[in-house]
Amino acid sequence: MKSQLIFDVDSHVTETADIWTSRMSSKWGDLIPHVVNSDDVDYWVVGNKPMGSVAASSYIQLDPETGKRRRLPPSEQFLRRASFRDLHPSSYDPNARMEVMDELGVQASVLYPNLNLVINDLHEQVDDPQYKIEIIRAYNDWLAEEWASANPERLIPVALVAYFDADVAAEEVYRCKEIGHRGLVMTGMPQLHNKPPLADPYWTPLWKAAEDTGLSVGFHVGANEGIMEKYVNADRLAAEGSRRMGARTVTEAFLDNAASLNDLLLTGILPKYPNLKFVMVETGVGWVNFCLQSADYHFERYGVRQDCPEFTEPPSYYFKRQVYTTYWFEKVDPFHVNNIGADNIMFETDYPHSTSLEPADVEWAMREGMAGISDEDKNKILWANAAELYGVRTPALAG
């Protein structure tokens, strides 16, 4: 019997120290993001402002004794502070990552940035449009031309959206399509970044560019300004301790993306751009059915069609036509698949975050996590949906 193909639609890359120093104009001097070591911790720094540890969201450690990878103990997993040498190379080296993918049984992985980069709005540290686009382009070039080029059929890059300016963002989308990106990633709550909300016509150039290029838009959990202050602070730490605070924060961050989906469903973007796809990344499945039912119910109660005639169908219709969510650690029953749609769920490992899967976890997800799901639907969730969305060929399998 042939093996099941697995497409991981959410994995993370730890940015290497020279991404910006080797690509941005020297005129920016110390404002170019660079790495400084302090007390044996490697920090990203802009000017004299620390932006967080390079290891803030990488929880897979290099065991100095065995040279193998190991997961950090729970007491060390939240807001990790470490140096590059503490990280397993799979965090920042594409060839080492593919070795881990082989261990996980994963054929292809979508590459998202280090969470620390997104949270801190690195490109917003200098109020100059040229600086901002150089930050974005340097990252997008590095991911496509250095990382993903190691194996373009296995390593699938998604580009950062330059959402500080919708017209500039559109230009960058077209450019990123040309250099090999297969999707996009941006915040699902631009209003928290001092930009107009999703429903505002301001974003029209971006949505048109994404639809023109066929690049899906990923709303990744955690890409919202103020998440650390909202969920992580001194009062919380004193009351809960780091373990409880970490466990609580993860789930609350997931549910932020539920709010982003609810927003998206009622913006009118989906009916206006019928070929534009969205992915709710690293947020799970169980909450989606309620969100769809609530959106449909209140769509009718508030008579939304009177103001928005582009809605010829209820919000859930457009979800099933154009939106995906992701599955990794939950128990997914036929109820979820039947109500959300087997065509709208994709699989992820979240490597190397705290919630990421080990080989045994992947096996559990395939066998027990989706027990009761038909083989046809499992294949859609584990491979076929993502392969179609990201334009990846199905590799030959050994018998």
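Before the first sheet, two terms: strands here are DSSP runs of E, at least two residues long, and helices are runs of H or I, at least four, both numbered from the N terminus. Two strands count as paired if DSSP finds at least two bridges between them.

This is a predicted model, where local features need pLDDT of at least 70, side-chain atom pairs count only at pLDDT 80 or more, and totals for chains, interfaces and linings use all residues. Residues are numbered from 1 along each chain as its sequence is written, and side-chain values use heavy atoms, with hydrogens and water left out.

Start with the sheet of eight strands, which is open and parallel, in the order 1-7-8-9-10-11-12-13. Strand 1 (7-13) and strand 13 (345-347) are the edges; each has a single partner strand, so one side of each has no neighbour in the sheet. From one strand to the next the twist averages 30°; for angles, axes are lines fitted to C-alpha atoms, for helices over the stretch in contact, and the values run from 0 to 180 degrees between N-to-C directions.

Phe 7 sits opposite Ala 108 of strand 7. Helix 13 (residues 375-390) packs on this sheet and touches several strands, among them strand 1, strand 7 and strand 13, with its direction at about 100° to that of strand 13. Contact means heavy atoms within 4.5 Å.

Now strand 11. Parallel pairing with strand 10 runs over four bridges, and His 220 has Val 281 of strand 11 as its bridge partner. Strand 12 is joined to strand 11 by three bridges, also parallel, and there Val 279 is partnered with Tyr 324. In a regular strand, side chains alternate between the two faces of the sheet. Along strand 11, Phe 278 and Met 280 point one way, Val 279 and Val 281 point the other way, and all are buried. Buried means under 20% relative accessible area, exposed over 50%, and partly exposed in between, with a 1.4 Å probe and protein chains only.

Which residues touch the most other members of the largest nonpolar core? They are Phe 7, Trp 20, Trp 207, Phe 278 and Tyr 390, in a core of 119 residues. Helix 3 (residues 129-147) gives the largest share, nine residues. Such a core is a set of buried Ala, Val, Leu, Ile, Met, Phe, Trp, Tyr and Cys residues joined through side-chain atoms within 4.5 Å.

Beyond four places in sequence, the contacts of Phe 278 include Trp 207, Phe 219 and Leu 270. Leu 270 itself lies in helix 8 (residues 269-272). Its relative accessibility is 1%, so Leu 270 counts as buried. With the same exclusion of residues up to four places away, Leu 270 touches Tyr 318, Phe 319 and Arg 321, among others.

Next, His 181, in the loop between helix 4 (166-178) and strand 9 (183-186). Is His 181 buried or exposed? At 2% relative accessibility, His 181 counts as buried. A polar atom of its side chain lies 3.2 Å from the backbone nitrogen of Ala 159.

Last, the other sheet: three strands, open and antiparallel, in the order 2-3-4. Strand 3 (residues 41-46) and strand 4 are joined by four bridges, with Val 45 opposite Pro 50.

How values were computed. Polar contact = N/O pair within 3.5 Å; in protein donor to acceptor, adjacent residues only side chain to side chain.
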